Amino acid sequence: MRTHRWALAGMIAGAALTAFTQVARAQAPLSENEASEIGTEAYVYGYPLVTMEMTRRVITNAAEPKGEQAPMGQFVLMRQYPNASFRDVTAPNADTLYSVAFLNLAREPYVFSLPDQKDRYYLMPMLSGWTDVFAVPGKRTTGDKAQKYAITGPRWKGGELPEGVKQLKSPTDIVWILGRTYCTGTPEDYKAVHALQDQYKLVPLSAYGKDYTPPPGKFNPKLDMKTPVRTQVNRMSAGAYFKLLARLMKDNPPAVADAPVVAKLARIGVVPGKDFDLKKLDPAVAKGLEKAPKAGLKKITAHFKHAGKDVNGWVYPTPGGVYGTNYLQRATIAYFGLGCNRSKDAVYPTSETDAEGKPYSGANKYVLHFPKGQTPPAKAFWSLTMYNPEYFFVENPLNRYTLSPRNALKYNADGSLDLYIQKDSPGKERESNWLPAPPERFVLMMRMYWPREADPSILNGTWQPPAVKIAAP
C-alpha cells in the first residue's frame, strides 16, 4: 500500500510540473532583458546539479579504483589526507579520511554495508543530485554498530528487501556518498581506519548475498582531469550549461516545490529531458541567456556574506545540507563547499577578514585566542584549516593544512589557547600551535563535527567563534 501511495504522489508531482510547463510555454515571447533575468535565476537554480555532474565525471573516470578515482558504484578509499595538489572538491578536509562513491539508481537500488566502527567517529552523508543531504548514517544518528541499507531511486517500484536491510529513499537517480571517518593521521591510526574502509561495501540489490565482482569502469582519456571542477563549470557557455541542465533534470527530477521555477525554465526552453539548443531560440532570448552565466556567478559569490550568521568575522551558513527552495543558498554552498553536511552534523565557520575587517594577508601575523574553557564545543572534533582564496590547501614546509587538538596543542598558563597564523614559524616552542600561511591572501575555516546542542553551542548562539587579531609586535 505504501508503494502505491509513493507512486501516486510521484504521478501527481509529475502532472503538476507538466501543467506548469505547458502554461509557461503558452505565455508571450520574452524580451532580451526578461530572458536574461530568467536565465540568471535558472543558472543559480541548476548550479548544484551541474556541479555535481561534473564532479561525478572526474571522480568516476577510471577503469578500476585507483588513487582519487573509482568507477560508478565503487568506493574511492582515500588512504591519507589530501595534499595541496588536490582539486577534485573545494574545501577538502584533513581531519577525516574520505570514502566516496557515486551511484546511479536508474536500474536498481544499491545495498550499502557498514561494519562495527568500534566507537570511532564517522558519518556517511548521502547527497541527491541537487546536493541535498537526504540521509546520514553515522555515529550521531545511527550509532557505531554494523548496519545495512538499500538506497533506492525515485522510480523504484518497491518490493521485498533482504532481512536486516533498511531502505533509504533518494529523490534522484544520482547519489553521492561522501563518507568521512575520523583519523589522527598517525601510521597506526591510518592502518586502523584502512581496515574499516575495506569493509565499506556496495553491491546492486540483485547481487546482494552473492559473489559479486564490480564491472570495470570506463576511462575517458579526453576528460579534463587537471582543471578544478568548479573552474570547468564556471567556464561553461550558456548553451552548454543549459543543455546539460535539461538533460540532468530527467533522471534527477525537480522537487514538487520547484514547480514555479521549473515553469520559468520552460519559458527559456529548459525542460527536463528535452534537448536544449540555444541556436534554435528567438535571437533576443538567446542573447539574453548568454548573459546568464556571468550574472549568475556574480549573484552566487556575492551571497556568501549573507549565507548565514556573521559573528566576529566568521560566517557560517544556515541552513546547510537541506535547502528546500532556498536555491541561492544551495548554489553558494555548492560553489564554496560542495558536499556540505547538515548543521547538526557539522558547522563550518569561515573567515576571510580579521578583527578589523581587513582581508587576511601572509604579510601579517595573526593570533586566534580561545579563553579558558571556550574552545569550540564539538562532541566529535574541531579544527582550523588554511585555504587559498579558491578554497584549496596551501603548500607549506610542514605539509600542515589544519590545526586541532591532535597536534598536541600547548595551552597557556591560565588555561587559554593561542593559535598562530602566519607565514614564518613563530619559534620552536610555539610550532605545535602554528598554522602556516601563504605570503598572499588566504581564508580560514573551522570545522566543528557533531556540534553540541546544549549550552554552550554554536547552533543556538551561546558559543561564538572569537575574532582573529593581528599579533602584538
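A cavity, for this tour, is a set of grid points where a 1.4 Å probe fits but cannot get out. Keep in mind that the model in your viewer is predicted. How many cavities of 30 Å³ or more does a search of the whole structure find? There are four.

**Stop 1: the largest cavity.** Select Phe336, Gly337, Cys340, Tyr348 and Met445. Out of 25 lining residues, these five sit closest to the centre of the largest cavity, which has a volume of about 270 Å³. Now colour strand E9 (174-182), strand E12 (314-317), helix H9 (327-337) and strand E20 (443-451): each one supplies at least two lining residues. Helix H9 gives the most, with four. Colour the lining by class and you'll get 17 nonpolar residues, six polar ones and two charged ones.

**Stop 2: the second largest cavity.** Next, select Ile59, Glu68, Val76, Met78, Phe86, Asp88, Val89, Tyr98, Val100 and Leu178, which line a cavity of about 100 Å³. This lining has eight nonpolar and two charged residues, with no polar ones.

**Stop 3: Glu68.** Zoom in on Glu68, one of the residues lining that second cavity. Look for Glu68 in the loop between helix H2 (32-59) and strand E1 (76-77). Is Glu68 buried, partly exposed or exposed? Its relative accessibility is 29%, so Glu68 counts as partly exposed, since that label covers the range between under 20% (buried) and over 50% (exposed). Show its contacts, leaving out residues up to four places away in sequence, and you'll find Ile59, Val76, Met78, Phe86 and Asp88. Finally, draw a C-alpha to C-alpha line from Glu68 to Val100: they are 32 residues apart in sequence and 9.1 Å apart in space.

Technical notes:
Residues numbered from 1 in each chain as written. Predicted model: local features only at pLDDT ≥ 70, side-chain atom pairs only at ≥ 80, totals over all residues. Heavy atoms only, no water. 1 Å grid on protein atoms, 1.4 Å probe; cavity = no way out; pocket = protein on both sides within 12 Å on 5 of 7 lines; lining within 4 Å. Points joined across faces, edges and corners; volume = space filled by probe spheres on them. Nonpolar A, V, L, I, M, F, W, Y, C, P; charged D, E, K, R; others polar. Buried < 20%, exposed > 50% of the residue type's maximum accessible area, 1.4 Å probe, protein only. Contact = heavy atoms within 4.5 Å.
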